[in-house]
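Reader: Could you take me closely through one part of this model, the place where the two chains meet, and then go on to the parts of the partner chain that deserve a careful look?

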Amino acid sequence: MTQDELKAITVDKSVDARGTSCPGPLLAAKKAIGQLASGEIMEVMSADEGTKRDIPKWCAKKKHDFLGIVEEDSYSRLFIKKG
Amino acid sequence: MENKKLTLALFSGSVDKLTAAGVILGGAAAEDMDVEIFVLLQAAFAFKKENAMTNDRVAEITDKKDEFLASLDRLNAPHWTEAFRMAKEMTNVNIHICGFAGKVWNGYKIEDFIDLADDICGIGEYMTAAEEADINLFI
């Protein structure tokens, strides 16, 4: 998805994991995605650099769609569509 | 599909290595791995009830211990016991105290250890689990 498309997404759940370091954002994503139905979209806000690689790989293993990343000033927004 | 299996021979009783173990357990929890942890020798010291929260020994770069511990606080890193607890809540994690290791530190019953520990076992249980594991680590 393009940056404009990602920024326009209305998410079903937003998880703020900016106060945690690896593996905090990943674990926050795992906890939260259990509350979503298949096809719903979640964003994870993270200030942890490693998470930008971890979450796409985790999504591939768990059959979720990783939609992309939007970079903000001091953190990243990672968009996941539950598989 | 059957969960992947991780076995961890946990020898270290120092917070730096226990914290690293907690990070790895977090990764295993995220992937729904089945985890078997075998608490050996110095790690059994750290798992004793009277030591778990007060033990602040580090194994490496010991001259920077204060900086290391302060950084863990600054980064909101959970205490290793909390990281282990989160992993136990999120996936199947069993923690076994080696019977010999327990006795070294005057721990004879499971009640002598923090409640993260599930039982006291012999090395045979570790060997069996490690043979079947997809990943086997020694820390």
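Author: What follows starts with the interface and then turns to chain A itself. The model is a predicted one, and the description below should be read with that in mind.

At the interface, ten residues of chain B are in contact with eleven residues of chain A. The size of an interface is often given as the accessible area lost when the parts come together. Here chain B and chain A bury about 1000 Å² between them, and 61% of this area lies on carbon and sulfur atoms.

The rule finds three salt bridges across the interface of chain B and chain A, and a salt bridge is formed by the side chains of K62(A) and D32(B), with a distance of 2.8 Å from N to O. Across this interface there are also six residue pairs in polar contact, both residues of each pair being at pLDDT 80 or more. As to where the touching residues of chain B come from, helix α1 of chain B (residues 15-30) gives the largest share of the side that touches chain A, namely five residues.

Within chain A, a helix pair comes next. The axes of helix α2 (residues 24-33) and helix α3 (residues 51-62) of chain A come within 9 Å and cross at roughly 35°, and the crossing of α2(A) and α3(A) is right-handed. In this contact P25(A), L26(A), A29(A), K30(A) and I33(A) of α2(A) meet T51(A), D54(A), I55(A) and W58(A) of α3(A). The residues of this helix contact divide into six nonpolar, one polar and two charged.

Two points of the backbone of chain A complete the account. A cis peptide bond, with omega about 5°, joins C22(A) and P23(A), and P23(A) has its place in the loop between β1 (13-16) and α2 of chain A. The other point is K63(A), which has a positive phi of about 65° although this residue is not a glycine; K63(A) lies in the loop between α3 and β3 (65-71) of chain A.

Conventions: Residues numbered from 1 in each chain as written. Chains lettered and ligands numbered in written order. Predicted model: local features only at pLDDT ≥ 70, side-chain atom pairs only at ≥ 80, totals over all residues. Heavy atoms only, no water. Contact = heavy atoms within 4.5 Å. Buried area = accessible area lost by both parts, 1.4 Å probe. Salt bridge = Lys/Arg side-chain N within 4 Å of Asp/Glu carboxyl O. Polar contact = N/O pair within 3.5 Å; in protein donor to acceptor, adjacent residues only side chain to side chain. Helix = DSSP H or I, 4+ residues; strand = E, 2+ residues; numbered from the N terminus. Axes fitted to C-alpha atoms, helices over the stretch in contact; angles between N-to-C directions. Left-handed = near helix turned anticlockwise from the far one by under 90°. Nonpolar A, V, L, I, M, F, W, Y, C, P; charged D, E, K, R; others polar.
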